Amino acid sequence: MLYLASRSPRRHQLLEQLGYRFQGLDIEVPEVRAAGESAQDYVSRVAREKACAGLAALGSAPDARVLGADTEVVLDDEVFGKPRDVADAAAMLRRLSGRTHEVMSVVWLVSVVAETTAVSRSQVTFAALDEATIAAYLACGEAFGKAGAYAIQGRAAAFISRLEGSYSGVMGLPLHETAALLAAAGCLPVPVHG
């Protein structure tokens, strides 16, 4: 049985898009970067901790495979998590304005017998954002609960002048990498009948 250790509706939709049958697990792990921890090590650790916590919550069921993922925005080696409030979100958007940042998405698939991982790194370039644009975006409420204070699949798509990498990875679950992990583990999508 496949499980997704995430409350994110976007991750659920993306995994459903691949055609997998799975159950969601409501898992929460602390997302705090350790001193001296690289951005990739941090994102990978959080994703693995989510998957392992999910497996533990299932009592380490022998047939369970648990996916855990984490996605973060990285600029100048600083990890932009979810904004704390309006001021924090505005500060993030001002820093992203007119610059290229990296979106790192790491997926772990764990079971009682194996752990595998995949990494997606995308380069996202924002156009210059004026204060009115930032204020209007914050007023729509979309910035909250999102790494870097934006959602590529929403209104913030208008900010992005260039994307190199995985659109679904920026959303929160890189589909190509996730499908490859699942296929290597023998997990197959549900057949579609005509």
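Analyst: The buried residues of α6 pack against β1 (2–5), α1, β3, β5 (100–110), β6 (115–126) and α5, where contact means heavy atoms within 4.5 Å. Helices (H or I, at least four residues) and strands (E, at least two) are DSSP runs, numbered from the N terminus. This is a predicted model, in which local features need pLDDT of at least 70, side-chain atom pairs count only at pLDDT 80 or more, and totals for chains, interfaces and linings use all residues. Residues are numbered from 1 along each chain as its sequence is written, and side-chain values use heavy atoms, with hydrogens and water left out.

User: Why do the buried residues of α6 lie on the same side of the helix, and what arc do they cover?

Analyst: In α6 (residues 175–184), L175, E177, T178, L181 and L182 are buried, that is, under 20% relative accessible area with a 1.4 Å probe and protein chains only, whereas exposed means over 50% and partly exposed lies in between. The face turned away from them carries the exposed H176 and A184.

User: Which element supplies the largest share of the lining of the largest pocket?

Analyst: A pocket is an open set of points on a 1 Å grid over the protein atoms alone, where a 1.4 Å probe fits, with protein on both sides within 12 Å along at least five of seven lines; lining residues have an atom within 4 Å of a point. The largest pocket holds about 550 Å³ of space, as filled by probe spheres set on points joined across faces, edges and corners. Of its 29 lining residues, R10, R11, K50, K82 and G145 are the closest to the centre. While α1 (9–17), β3 (65–75) and α5 (167–171) each supply at least two lining residues, the largest share, four residues, comes from β3.

User: How far apart are the C-alpha atoms of R10 and M171?

Analyst: R10 lies in helix α1. Leaving aside neighbours within four places in sequence, R10 is in contact with G145, K146, Q153 and M171. R10 and M171 are 161 residues apart along the chain, yet their C-alpha atoms are separated by 7.1 Å.

User: Which cysteine sulfur is nearest to that of C187?

Analyst: The structure holds zero disulfides, a disulfide being a pair of cysteine sulfur atoms within 2.5 Å. C187 is in no disulfide, and at 16 Å the nearest cysteine sulfur is that of C52.
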